[in-house]
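The questions below go through one protein model, starting with terms and ending with its loops.

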Amino acid sequence: MTYDNIRLEKGMYTGGVKTFTDVLEELDPSENYRNTELEGLDAYQRQLKRFDIRVGGPGSDSVSKFFQSSDSAALFPEYVSRAVRQGMERADILSDVIAAKTVIDGLDYRSVVSTPSGDDKSLKPTGEGAFLPHTEVKTGDHLVKLQKRGRMLVASYEAVKFQKLDIFTVTLRQIGAYIARQQLFDAVDVLINGDGNNNAAETVSAAESNKVSYDDLVKIWAELSPYEFNTLLAPTDGMKKLLGMNEMKDSHAGLQFHASGRMITPLGANLLHVPGISGTKLVAFDKNCALEMVQSGGVITDHDKLIDRQLERASISCITGFAKLFPDSVKVLEY
């Protein structure tokens, strides 16, 4: 079967882990196009080429091009999902926060948790014939709380049918950016307050109220040991205080910040601006082992409405949750 004679239908949207593109790839594997002019295109992009639909650039088509036939109309929800995912990726900070991402096909998930003691972390010498010390890994007492985040796309086909696809993509990318920001807020909430398994982060108080000093950062670095202090999340007020520290005003720090916009901390942690953090808190943690992201499927579009009713009201959403892996790898600095 070649890409130009595949029968496309809305039943190819499974609603689970397998995407529309995954279904197409099973019918039309990309490996069959090696050393051809179509090499480098995935199965969905070949379908766009089949129907001569240009979704970007100065020669992009209008939305109505998707609805020239029932087959091409089936491509529209995947276009929407891809544009939303692009927006999520452009606004992505989560990749700098999570240690692992798990995609499930369902709504129930119970993560693993490990809380090693001081002796477990030290790995003391073991005598001949003696038992090795053990680290207990068990499932959490509570299911990971999954949140559905999304937007309702409200527009009639008549309102957008002559709209260029590259302009329409900008709107969809913004929806993706909104979803990504909300997911980040959910992740920060779990880092601070825990995931329901009695694992809220320990709070360390700053030496002086309403001020962040170098000594405070050294203190929280020591509190995190033996975990690595490699990520620091700060609200806008916290960013101002951090950037106002004398240690942030030396020539090297100033040169890097003014030249590239990349912010550093005196201890070399990755400093991320998260306006949604409430109160006067800085969240310090080891990105390599603190948080697991759980996602049910991918970006979910209301494909029936997008195909049959040609927009009107269609939901675009993503279902995600977060679980703490090593609770001791997160500390909160209250200033």
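Helices (H or I, at least four residues) and strands (E, at least two) are DSSP runs, numbered from the N terminus. This is a predicted model, in which local features need pLDDT of at least 70, side-chain atom pairs count only at pLDDT 80 or more, and totals for chains, interfaces and linings use all residues. Residues are numbered from 1 along each chain as its sequence is written, and side-chain values use heavy atoms, with hydrogens and water left out.

Q: Where is Pro 226, and what is the omega of the cis peptide bond that joins it to Ser 225?
A: Pro 226 sits in the loop between helix H8 (214-224) and strand E6 (231-234). The bond between Ser 225 and Pro 226 is cis, and its omega is about 10°.

Q: How many helices and strands does the protein chain have?
A: Counted as DSSP runs, the elements are numbered from the N terminus. The protein chain has eleven helices and eleven strands.

Q: What percentage of the residues of the protein chain count as buried?
A: Buried means under 20% relative accessible area, exposed over 50%, and partly exposed in between (1.4 Å probe, protein chains only). Of the 335 residues of the protein chain, the buried part is 44%.

Q: How are the rings of Phe 20 and Tyr 44 arranged, stacked or edge-to-face?
A: Rings of Phe, Tyr and Trp (its six-membered ring) pair if their centres lie within 6.5 Å; planes under 30 degrees apart count as stacked, over 60 as edge-to-face and the rest as tilted. By this rule there are ten aromatic pairs. For Phe 20 and Tyr 44 the centres are 6.4 Å apart and the planes are at 80°, so the pair is edge-to-face.

Q: Which helices does the pair of Phe 20 and Tyr 44 tie together?
A: Phe 20 is buried at 1% relative accessibility, and Tyr 44 is buried with a relative accessible area of 2%. The pair ties together parts that are 24 residues apart in sequence, because Phe 20 lies in helix H1 (residues 20-27) and Tyr 44 in helix H2 (residues 43-50). The helices are H1 and H2.

Q: Which helices do the buried residues of H2 pack against?
A: The buried residues of H2 are Ala 43, Tyr 44, Arg 46, Gln 47 and Leu 48. Contact means heavy atoms within 4.5 Å. The buried residues of H2 pack against H1 and helix H4 (76-90).

Q: Which residues does Glu 78 touch, not counting residues up to four places away in sequence?
A: Glu 78 lies in helix H4. At 4% relative accessibility, Glu 78 is buried. The residues that Glu 78 touches are Tyr 13, Phe 20, Thr 21, Tyr 44 and Arg 85.

Q: Which element gives the most to the lining of the largest pocket?
A: On a 1 Å grid over the protein atoms alone, a pocket is an open set of points where a 1.4 Å probe fits, with protein on both sides within 12 Å along at least five of seven lines; lining residues have an atom within 4 Å of a point. The largest pocket is lined by 30 residues, and Arg 85, Gln 295, Gly 297, Gly 298 and Val 299 lie nearest its centre. The elements that give two or more residues to this lining are H4, strand E1 (100-104), helix H7 (165-193) and strand E9 (291-301). With seven residues, the element that gives the most is E9.

Q: Is Asp 52 buried, partly exposed or exposed?
A: Asp 52 is in the loop between H2 and helix H3 (70-73). Asp 52 has a positive phi of about 55° although it is not a glycine. With a relative accessible area of 39%, Asp 52 is partly exposed.

Q: What is the relative accessible area of Asn 198?
A: Asn 198 is found in the loop between H7 and strand E5 (202-205). Asn 198 is not a glycine, yet has a positive phi of about 55°. Asn 198 is exposed, and its relative accessible area is 80%.

Q: How far apart in space are Gly 194 and Pro 327, C-alpha to C-alpha?
A: Gly 194 is in the loop between H7 and E5, and counts as buried at 11% relative accessibility. Gly 194 and Pro 327 are 133 residues apart in sequence. In space, C-alpha to C-alpha, Gly 194 and Pro 327 are apart by 8.1 Å.
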